[in-house]
Amino acid sequence: MSTHAASSVTAHCDELLNAMVPFRERAHLTERWGQRLAAVLGGGGRLLAAGNGGSAAQAQHLTAELVGRYRDDRPPFSAIALHADTSTTTAIANDYGVDEVFSRQVRAHGRPGDVLILLSTSGASANLLSAADAGRATGMRVWALTGAAPNPLVAGSDEALCVPGASTATVQELHLVAVHMVCAAFDAAVERATA
């Protein structure tokens with residue numbers, strides 16, 4: 001490996017370590033989210049999740065862990081990644097515009113008391129801001145995983161976990177850590193409720 005390649009790999013690790021310290025100080029929020037999700041989903045509610053690009057992948061990762069399993073076998077729970085239905089997503093984008101891609105689905109699938117989680121490295125995506133508005137109007141709890149605050153999505157959410165990473169890659173990597181922490185807290189709460 002060349003010296004330049006090694007230094008850029010090391011720099012990426014250093015950036016991740018630097019972002020981890022402030023992330024860890026707020027990471028307790030993931031435990032509360034996991035516990036709250038266990039109560040909502042265990043009571044027949046649902047989670048809707050959305051993001052764009054890499055954040056869409058993180059949203060889908062979260063819903064897969066809840067419908068499938070994170071670590072141990074347990075019942076499936078209702079969780080939908082709003083971007084994953086390509087026919088619906090492209091029809092809405094075509095007929096109503098990209099800004100409505102998620103909000104229209106939130107109005108269709110969300111119910112009062114359900115949870116909407118929105119993932120965005122910038123916290124400024126118009127389609128996620130519209131989804132947050134639709135979620136609040138529907139009576140859902142709106143949570144956001146974003147990059148550094150302040151940003152518009154934090155302002156439009158009930159709660160937010162912000163990652164002050166220096167790059168999009170670092171923010172996305174810590175969002176995945178947060179997703180796994182939420183899942184661990186969710187599974188622990190489900191296990192306590194069924195013990």
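Helix α6 (residues 126–138) lies across β1, β3 and β4 and runs at about 165 degrees to β3. Angles run from 0 to 180 degrees between N-to-C directions, with axes fitted to C-alpha atoms, for helices over the stretch in contact. Helices (H or I, at least four residues) and strands (E, at least two) are DSSP runs numbered from the N terminus. Another helix, α2, lies across β1, β3, β4 and β5, at about 140 degrees to β5.

The model is predicted: local features need pLDDT of at least 70 and side-chain atom pairs count only at pLDDT 80 or more, while totals for chains, interfaces and linings use all residues. Residues are numbered from 1 along each chain as its sequence is written, and side-chain values use heavy atoms, with hydrogens and water left out.

The sheet is open and has five strands in the order β2-β1-β3-β4-β5, with parallel pairing; two strands pair if DSSP finds at least two bridges between them. β2 (79–81) and β5 (159–162) are the edge strands, each pairing on one side only. From one strand to the next the twist averages 15 degrees. Five bridges join β1 and β3 in the parallel sense, and Leu 47 stands opposite Val 115 in β3.

A nonpolar core is a set of buried Ala, Val, Leu, Ile, Met, Phe, Trp, Tyr and Cys residues joined through side-chain atoms within 4.5 Å. Buried means under 20% relative accessible area, exposed over 50%, and partly exposed in between (1.4 Å probe, protein chains only). The largest core has 33 residues, of which Leu 37, Leu 47 and Ile 117 touch the most other members. Its largest share, nine residues, comes from α8. Apart from this core lies another of 19 residues, including Leu 82, Ile 92, Phe 102 and Val 142.

Asp 114 is found in the loop between α5 (103–109) and β3 (115–120). Asp 114 is buried but has no salt bridge, the nearest side chain of opposite charge being Arg 46 at 5.0 Å. A salt bridge requires a side-chain nitrogen of Lys or Arg within 4 Å of a carboxyl oxygen of Asp or Glu; Lys and Arg count as positive and Asp and Glu as negative, with His and the chain ends not counted.

Val 154 belongs to helix α7 (residues 152–155) and counts as partly exposed because its relative accessibility is 25%. Its C-alpha atom is separated by 9.2 Å from that of Ala 124, 30 residues apart along the chain.

Key
Contact = heavy atoms within 4.5 Å.
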